[in-house]
Amino acid sequence: MENKIALISGGLGDIGQAIAIHLGKLGAKIALSDLQEEAAVQSQLEALRTAGCRELLYTRADVSVEAEVTDWLNRVEEHWGTPQVVVPNAGIVVAGSLSDMPSSELRRQMDVNFWGSYHMAVQAAQRIKNKELPGRIVFIGSWAAERPNARISSYCISKAAIRMLCKSLALELAAHHILVNEVAPGIVEGGLSKKNQQKDPALRQTHLDSIPMHTLVSVEEVADHVGMLSSFTGMNITGTTLLVDGGLSLTSKMTP
């Protein structure tokens, strides 16, 4: 990964930071985006540099807005060059059944989860193709794309859309040596799941009981798998979903 530029959205969340640190330790230059203004997150950015992101460029960008993704990519190219590793990680989840949820909430999740991933992957892929470089796109999907869950139906839909986006882009970009894959975590010990468990300590055990392996997924494990799929030594893995869920998607138990 030495001297490669890695583009990571949702870069200040638990998973995003773990991916940034992992790829940074492998030698990549890290271009992060998130919704916070840069002046407000200086201590967080310094912590990332100390943890392994030796070269780090942060840009405030809402990836659901196509023009903001374009501006972000322009800034990265002007600063360093064309990113060859692209990790669309930004995402949100809103609980609720489809029958009870305002359509605006479903649109919001699709805007961030699907369209944010789409804008980032498609725009970056075009720039990689224009430079005739090899590339790696690794979507952050979810076990929730495997089967419906009435509590988070709209989230399931958005992640299922990302899975087909991954496969479609993998087919289109294979001839250009741009590999496109997806890491699909189960219940992660970080982000929203962790916050919910902190609010309700009994929820952690409920989550563990619903997973056949009785383990949660660490953010470091997610990052490790992203690193593997971002590698430029492997040349034949594309259009693949790597499920990292401890068997959660295999069981009929519904996670609350």
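Residues are numbered from 1 along each chain as its sequence is written, and side-chain values use heavy atoms, with hydrogens and water left out. Because this is a prediction, local features need pLDDT of at least 70 and side-chain atom pairs count only at pLDDT 80 or more, while totals for chains, interfaces and linings use all residues.

**View A. The largest pocket.** Here's the largest pocket, with a volume of about 1,300 Å³. (A pocket is an open set of points on a 1 Å grid over the protein atoms alone, where a 1.4 Å probe fits and protein lies on both sides within 12 Å along at least five of seven lines; lining residues have an atom within 4 Å of a point. The volume is the space filled by probe spheres set on those points, which are joined across faces, edges and corners.) Of its 48 lining residues, Gly 91, Ile 92, Val 93, Gly 191 and Leu 192 are the closest to the centre.

**View B. Who builds the pocket lining?** At least two lining residues each come from α1 (14–25), β2 (29–34), α5 (153–173), α6 (191–199) and α7 (201–210). (Helices, H or I with at least four residues, and strands, E with at least two, are DSSP runs numbered from the N terminus.) Helix α6 gives the largest share, 7 residues. By class, the lining splits into 21 nonpolar, 20 polar and 7 charged residues. (Ala, Val, Leu, Ile, Met, Phe, Trp, Tyr, Cys and Pro count as nonpolar, Asp, Glu, Lys and Arg as charged, and the others, Gly among them, as polar.)

View C. Helix α1 packs against α8 (residues 219–230) at about 50 degrees, with the axes 8 Å apart. (Axes are lines fitted to C-alpha atoms over the stretch in contact, and angles run from 0 to 180 degrees between N-to-C directions.) The two helices are therefore oblique (under 35 degrees is roughly parallel, over 145 roughly antiparallel, 65 to 115 roughly perpendicular, and the rest oblique). With α2 (residues 42–51), the angle is about 35 degrees and the axes are 9 Å apart. There, Gln 17, Ile 21 and Lys 25 of α1 meet Gln 44, Leu 48 and Ala 51 of α2.

**View D. Helix α3 against α4.** Helices α3 (residues 66–79) and α4 (residues 103–130) pack at about 40 degrees, with axes 10 Å apart. That makes α3 oblique to α4. Their contact includes Trp 72 and Leu 73 of α3 and Met 120 and Arg 127 of α4.

Key:
Contact means heavy atoms within 4.5 Å.
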